[in-house]
Amino acid sequence: MRLTNRKILLGVCGCIAAYKSAYLVRLLRQEGAEVRVMMTRSAGEFVAPLTFETLTDHPVYSEMFPKDRYFGTHHIDLAEWSDLIVVAPASGNMIGKIASGIADDFVSTVVMASQSPVMISPSMNTHMYENPIMQANLRKLKDLGYRFVEPTVGELACKTYGVGRLPDPQDIVTVITSHFGGQSDLSGLKVLISAGPTVEYLDPVRYISNPSSGKMGYALAERARARGAEVTLVSGPVALEAPAGITRIDVESGSQMRQALREHFDRCDMLLMAAAVGDYGPETVSEHKIKKSAQPIQLKLVPKADILLELSRDKSAQVMVGFALETEDVVANASEKLNRKKLDMIVVNNPKITGAAFKSDTNQVTIIEADGNSYELPMMSKLELADKILDSALKISIKSKHNG
Ligand code: CTP
């Protein structure tokens, strides 16, 4: 139990994701935490307070001036009681209030009164989340030291696709656990990670690319950082927020990604090459928009540099981890890549398996190590999988330092 004796005050806001907070309470209690819940009035429209009272064995707090239950300054008592306040889901309204110093309901008042750290897990429609006022509020709160569990990308309750989903409660627990010390087994290590797709332009407005969401690389960055590593993330264009405390370098084309990785490779201890780098790009890029005509057009695509193969030639002590997508002869094909690219380890998945596709929050992989060890992992969230990959990479790094 990783949260024994930790006192966690959960603030639930009015958002359809409030139903996930009930499961979050169960998981936190399973980890040994003491949990109290406070709700906004609109949260009560989505989930009944009784649900949380039953799960916590305690009253739920939502009224500043309850008629029958309590006398005294219970908002201050609760603020002082908690080791950590977690607002999940945090609505746009609540984030706006906290950022503006407004305390006009129980949750915002406790947050203002609290001396303990506050962790915010935003959840809302993509357009609300991307609203510049919201973004400015988030920046302000991050600058003030508020912690965040970033929303994930996927289908939202309003049927739109985009950023704004409350992460899986298990993943919120992982972040909370890290906050309380968690592991720091990667401290002192420099971890270089690539993520997302690359984009090769045909003309100023068209490109060829692939549907990589970047979720695996970002999960690796988040977990490596939480475990104490110094993380540099080279990212193709994705709709994800960078985890706090890492250096993110944004790139578009394969050659930009190659350049950024080359600049940081010498100094890194581990390279985790999760990006879906395009193998081909157009031979020539048209300076102007290609005009429509009735005739077919021919595109000549030429091979682009294999970044991992190139870097493996300059390898000194770095642990190099590749990723492969294979739809047939999965292990044999991945092992061939591992040998050809002189990797220490390769993580392979078959995107045809349900739950292991490009944009999914979960993945089911096999890890193959250079010494021949290979193990198939069950389906799990990308955040959990990130920990497994880092465990294996760290084991290889320790072994090679020992032998070298
Ligand atoms: N990779 C790379 N540069 C490329 C292509 C791939 O660095 N131009 C990296 C990927 O980031 C991944 C690994 O190589 O970590 C394997 O990628 P994959 O596309 O599966 O392998 P390929 O060698 O491109 O083989 P194929 O597409 O034929 O399966």
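In this predicted model, the buried residues of helix α1 are A18, K20, S21, A22, L24, V25, L27 and L28. The helix covers residues 18-30, 13 residues in total. From the first C-alpha to the last, α1 reaches 19 Å. That span is close to the 18 Å expected at 1.5 Å a residue. Just after α1 comes G32, with a positive phi of about 95°.

The relative accessible area of S91 is 12%. Buried residues are those under 20%, so S91 counts as buried. Leaving aside residues up to four places away in sequence, S91 touches C13, G14, S123 and M124.

The packing of two further helices was also examined. Two packed helices are described by the angle between their axes and the distance between the axes. Helix α10 spans residues 215-226, and helix α14 spans residues 382-403. Their axes come within 8 Å. The crossing angle is roughly 65°. The crossing of α10 and α14 is right-handed. On the α10 side, the contact is made by K215, M216, A219, L220, E222, R223 and A224. The α14 side contributes K382, L383, L385, A386, D387, I389 and L390. By class, the residues of this contact divide into 9 nonpolar and 5 charged, with no polar residues. The charged residues include K215 and E222 of α10 and D387 of α14.

Notes: Residues numbered from 1 in each chain as written. Predicted model: local features only at pLDDT ≥ 70, side-chain atom pairs only at ≥ 80, totals over all residues. Heavy atoms only, no water. Helix = DSSP H or I, 4+ residues; strand = E, 2+ residues; numbered from the N terminus. Expected span 1.5 Å × (residues − 1). Buried < 20%, exposed > 50% of the residue type's maximum accessible area, 1.4 Å probe, protein only. Contact = heavy atoms within 4.5 Å. Axes fitted to C-alpha atoms, helices over the stretch in contact; angles between N-to-C directions. Left-handed = near helix turned anticlockwise from the far one by under 90°.
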